[in-house]
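Please brief me on this model. Keep it short, and group the points by topic.

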Amino acid sequence: MTTNATAPAPVRGSDRDDGSRSAIRRPRATPARRTSVFLSTHPRMRLALLLSAPLFWLGLVYVVALAALLVTAFWTVDSFTGQIKTEWTIDNIVTVLTGSLYQTVTFRTIGVALLVTIIDVALALPIAFYMAKVASPRARRILVIAVLMPLWASYLVKAYAWRSVLSQDGILEWVLAPFGLHTPGYGLPATVITLSYLWLPYVILPIYAGLERVPDSLLEASADLGGKTWPTVRHVVLPLAMPAIIAGTIFSFSLSLGDYITVNIVGGASQMLGNLVYTNVGAANNLPLAAAIALIPIAIIFGYLALVRRTGALDNL
Amino acid sequence: MRLSRLSRTTLGAVAGLILVLVYVPLLVVLVNSFSTSTSLSWPPPGFTLEWWRRAFASEGAMDAVGTSVVVALISTAIALVLGTLISFALQRFDFFGRQTVNLLVILPIALPGIITGIALNNFFRTIMGIPLSIWTVVIAHATFCIVTVFNNVIARLRRTGTKLEEASADLGAGVWTTFRLVTFPQLRSALLAGGLLAFALSFDEIIVTTFTAGSGVTTLPIFILNNMFRPSQAPIVAVIAVVLVLVSIIPIYLAQRLSGDEQQRR
């Protein structure tokens, strides 16, 4: 461990125990020190101590809750009393898989989530690239603040802001009317616009962090070898930033998939999966059916996570 | 890569345009907070300070801010402890089930809020038999805040390595002394960044909160949701939003300066 040139080789015990041979006094064997020694010689014990509290929390609160919800999907509600009957049945699953309402809403929700994700990545890439590779350090700091600040404005207020922007006597109509154009009003387009707006900072930040990690020397090397801007971006920057981009898409995709409040505020009468779950928990008081519907986004997210796991995106969240 | 002047300018213009798009709705909220129109029509028919006066006199709004701050502070504190522990475990050790634990940390944020919400609601009420209260909100928030702390701390741990800690141990420092004098100072800005994100996440959360808050618990987002469709209250909601954005400049600026200082020192 330590090499000691001046002192004679230790004759008894190890370096650690031999305090008499040097100016450093041998540490007193307090309980704290004994604990330290024990911990540094027992890495498994260290690991167990580190993991026990968080795993207890996540296991008890989250895994149990989630598992209970999944089990509930196989139960049913007594139509007279409204109580949950703990009899095993796959009726709910069959209803959700075969009902045309659920199919339509599922495809609509996936479509909205995909569209939102594509829009967000398209908007986030240029601004993140500018922040990471073009802007001066000072401008970069200001830009990071400018991107972070809207995160602190309440989600609800931003959705409501779009409600007023898109309304028939809102600012968009006011701006577009002279050109003979009109606001899309409330509906699915408004939902896509608002969700893209809401999740944009969550997509910009991981992509910015990923692009910042791309070494400038690689870009210079590419230029020295004759690579023009676009080939360099396509063959050097994008492959290196891919995990970060996918990390960003996890946010926008997953957050859009479960949203029901934005749809209520700007979506008009459109329904997404979240709305179906919400009505079944609340008004319809049918938790088993709600749990069965919830299985759809859970399956989609797990599929997506499994798909992107190999890219290393989960380390970039 | 040498960007031509033209492509630099174009890129800058595109970035600027996106930022403008990001800020226009917020500016509309700012203007609406002074508008005499309660239906938020544009252009505003006139201007007034009435909503600002009413917002600061509104007990409901102030109570809601207080509740949200308490919930966010406690859940951030829990998330800081649990997130740090779990990032040490995953970064410094290789063990069976490591990937699963990693997934478990990410899951509360990766799964849609409504699923976490109904799962926890069902867990608290029917499985544990605990009545919903402010504490059920704290437990729920802490669960999905762990990931923000985890991400920041594990990224820092990957960069710093274990050399300094080993040196400290070789020099005779115990576990606690090493943590206090060596590990913690290295982690401080990562903890601040993760803590700020956790605080922001908890402060703004509405979906999980709806399902886990007891009947008397009104966090700020719940207050806003309850009030924004009432014509006489909508401009007050706009005032609250403006104040929140302005106040948020302070922590963001501090976090930026802290990380900026560190980069210069390196």
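Of the 266 residues in chain B, 44% count as buried. A residue is buried if 20 or more other C-beta atoms lie within 10 Å of its own, exposed if 12 or fewer, and partly exposed in between, with C-beta atoms placed from the backbone. This is a predicted model: local features need pLDDT of at least 70, side-chain atom pairs count only at pLDDT 80 or more, and totals for chains, interfaces and linings use all residues. Residues are numbered from 1 along each chain as its sequence is written, and chains are lettered from A and ligands numbered from 1 in the order in which they are written.

**Confidence**

- The model has ipTM 0.83 and pTM 0.83.
- Mean pLDDT (the predictor's confidence in each residue, from 0 to 100) is 86 for chain B, where 95% of residues reach 70 or more.

**Fold of chain B**

- Chain B has 11 helices and 0 strands. Helices (H or I, at least four residues) and strands (E, at least two) are DSSP runs, numbered from the N terminus.
- The C-alpha trace of chain B spans about 70 × 65 × 30 Å along its principal axes.
- Among contacts in chain B with a separation of 6 or more, 77% join residues 24 or more positions apart. Two residues are in contact if their C-beta atoms, placed from the backbone, lie within 7 Å.

**Interface**

- On chain B, 71 residues are in contact with 80 residues of chain A.
- Helix H1 (residues 5-32) of chain B gives the largest share of chain B's side, 14 residues.
- That side of chain B holds 53 nonpolar, 14 polar and 4 charged residues. Ala, Val, Leu, Ile, Met, Phe, Trp, Tyr, Cys and Pro count as nonpolar, Asp, Glu, Lys and Arg as charged, and the others, Gly among them, as polar.

**A helix crossing between chains**

- The axes of helix H2 (residues 43-72) of chain A and helix H5 (residues 113-128) of chain B come within 8 Å and cross at roughly 90 degrees.
- H2(A) is therefore roughly perpendicular to H5(B), a label for angles of 65 to 115 degrees.
- The residues that make this contact include A:Leu66 and A:Leu69 of H2(A), and B:Ile118 and B:Phe123 of H5(B).
- By class, the residues of the contact of H2(A) with H5(B) are 10 nonpolar, 2 polar and no charged.

**Nonpolar core**

- The largest nonpolar core has 161 residues, and B:Ile118 and B:Val237 are among those that touch the most other members. Such a core is a set of buried Ala, Val, Leu, Ile, Met, Phe, Trp, Tyr and Cys residues joined through C-beta atoms within 7 Å.
- Helix H6 (residues 134-160) of chain B supplies the largest share of this core, 14 residues.
- Not counting residues up to four places away in sequence, B:Val237 touches A:Val157, A:Tyr160, B:Ile224, B:Asn227 and B:Met228.

- B:Leu80 sits in helix H3 of chain B. B:Leu80 counts as buried because 21 C-beta neighbours lie inside 10 Å.
- Leaving aside neighbours within four places in sequence, B:Leu80 is in contact with B:Val149, B:Leu191 and B:Gly195.
- A:His182 sits in the loop between helix H7 (171-176) and helix H8 (188-212) of chain A. A:His182 is exposed, because 11 other C-beta atoms lie within 10 Å.
- Leaving aside neighbours within four places in sequence, A:His182 is in contact with A:Glu173 and A:Leu176.

Technical notes: Axes fitted to C-alpha atoms, helices over the stretch in contact; angles between N-to-C directions. Parallel < 35°, antiparallel > 145°, perpendicular 65-115°, else oblique.
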